Amino acid sequence: MRRGARQMTRLRAAAAGLALALAATFSIAMRPVARADDRQLVDPAPRPKAIDYGRLTQEATALLQTYIRLDTTNPPGDELEAARMLKQKFLADGIPATVWEPAPGRGVVAARLHGSGRHQKAIVLLSHMDVVPANPKEWQVPPFAAQIKDGDIWGRGALDDKGPGVIELMAMLAIKRAGILLDRDVVFIATGDEEEGGKLGAGWMVDHHADVFADAGALLNEGGGIDTRPNGRRYFDISLSEKTPLWLRLTATGDAGHAAVPPAATAVTRLIRALGQIAAYQPPMRIVAPVRDYFRAIGELDGGPPQFANLAVALRDPDFAKKFVAVPRQNALVRDTFTPTVLTGSPKTNIIPASASAEIDGRLLPGEDPQAIVAGLRKVIGDPGIKVDVTLNFPAESSPRKSAMMTALGQLADSEHCALIPSMIAGFTDSHYFRQKGIDCYGFVPIEVPAAALRGVHGINERIPVKELGAGIRRMVALLEIIGRRPPRAARGKR
Ligand SMILES: [Zn+2]
């Protein structure tokens, strides 16, 4: 009995244990069914980990140094090795990435950080890998050594555009590592050939692999940043629009001969006359909306001059207009410009060449008709013997002032007590290729760089402060979190 009772007890205990185990099993199995009612099929993701920006900045510094040391001077560009290096950096963190070779030695790289898969349009972070030439004799440090001096990373590309590319890349790695789940994908694209017009970079990508960014709604690129007015007020400068190039080649012809017995007119003298006409020509002023808005906002920030409140009206006053256009950057924002740059004539002092040519860097305001402009220039030149060929032109498009990206940028600016000022840049970037595909493109690199360092862009002693590299990553992560924030729990399922 005792024995039997003991056995019974054991059996009961075993049965009870089994029942408990079964109950546990069932309750686990039942849980999703019970939760289906409140649409909680998936357990919530763990809370994101904190981001150590100090370590991230060190890593970004080392990456930028490696990147600058890969000489991508364009021409010839040779971006392939840099593209492979960036791809490896993404792959090491489990972010899928691909490299293309549009022409031998040239490169384009893209990577995609996946979000939660909801149907929100992806964000493209664009940069370019190629750099303009640097003459070591003019620099304080070797331009491709990536030395750290006085808290700055020195080197060609530090600001244009390798530093910004590193900020974009590191922000994506930081989000991935922290386990932050955005409501949309983030696509990184680094092109080559930007400094020579982008035909073998962004242009090639748009023509051959538009599928890579087919789901994109907005794009961030170079062209703007964080700036400070003389009175100390900071603002986010976001470029919505760009002037478009109308590059021209003027060719004059005439009899070749010995310069000891010159005729009254030669190819060279005719070309000089034509260039003189162009140099004297002042195209009419026209105020486009982003320029009007920019000066109005700057006037508000500075507390004047009152003319900035309505620039179009103010420029009707000849005295004000004269002072205004005396500043080259202001002049470039209110009219088309035509600047002779390359000249070709005889290879020898005593030979009169049969032809002479000049290249003109023309820059048009958005909305101009290039054909009408060329016809007008022919009239200005007034010599039907001068041949005018267009060597580069594309349509100028602007991106909207009101959009999800602009709202997110506004929130980021607010968090730093900065104004948000939309602008137009006088130059052009790769953004036009993507604007033509219907993507809202904004020029904004989230860094604040002293004017002295900014002069290094296409100049000498280009450099980026290490602390801005870190601050840039932090702002980029914050911006992506703002724009990619998943809706609050209560709102889910109703969308
Ligand atoms: Zn650039």
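1. Starting with a pairing: Leu246 has Gly362 as its bridge partner in strand 14. Strand 10 (residues 244-253) and strand 14 (residues 355-364) run antiparallel to each other, over 10 bridges. Strand 12 (residues 337-344) pairs with strand 14 too, again in the antiparallel sense, over 7 bridges. There, Pro340 stands opposite Ile360 of strand 14. Two strands are said to pair here if DSSP finds at least two bridges between them.

2. Some housekeeping. This is a predicted model, in which local features need pLDDT of at least 70 and side-chain atom pairs count only at pLDDT 80 or more, while totals for chains, interfaces and linings use all residues. Residues are numbered from 1 along each chain as its sequence is written.

3. The overall tally: the protein chain has 15 helices and 18 strands. Those are DSSP runs numbered from the N terminus (helices are H or I with at least four residues, strands are E with at least two). Of the 495 residues, 39% count as buried, and buried needs 20 or more other C-beta atoms within 10 Å of a residue's own, against 12 or fewer for exposed and anything in between for partly exposed, with C-beta atoms placed from the backbone. Among contacts between residues at least 6 apart in sequence, 78% join residues at least 24 apart; a contact means C-beta atoms, placed from the backbone, within 7 Å.

4. Now helix 15 (residues 466-483) against helix 4 (residues 162-178): their axes come within 8 Å and cross at roughly 55°. Axes are lines fitted to C-alpha atoms, for helices over the stretch in contact, with angles from 0 to 180 degrees between N-to-C directions. The two helices are therefore oblique to each other (under 35 degrees is roughly parallel, over 145 roughly antiparallel, 65 to 115 roughly perpendicular, the rest oblique). The crossing of helix 4 and helix 15 is right-handed, that is, the near helix is turned clockwise from the far one by less than a right angle.

5. Who makes that contact? On helix 4 the residues include Gly163, Val166 and Glu168, and on helix 15 they include Leu469, Gly472 and Met476. The contact of helix 4 with helix 15 divides into 11 nonpolar, 2 polar and 1 charged residues.

6. An open sheet of 3 strands has the order 4-5-18, paired antiparallel. Strand 4 (148-149) and strand 18 (463-465) are the edges, each with a single partner strand, so one side of each has no neighbour in the sheet. Strand 5 (residues 152-154) pairs with strand 18 over 3 bridges, and Asp152 has Pro465 as its bridge partner.

7. Finally, Thr98 sits in strand 1 (residues 97-100). Thr98 is partly exposed, with 15 other C-beta atoms within 10 Å. Thr98 and Ala110 are 12 residues apart in sequence and 5.5 Å apart in space, C-alpha to C-alpha.

Terms used
Contact = placed C-beta atoms within 7 Å. Nonpolar A, V, L, I, M, F, W, Y, C, P; charged D, E, K, R; others polar.
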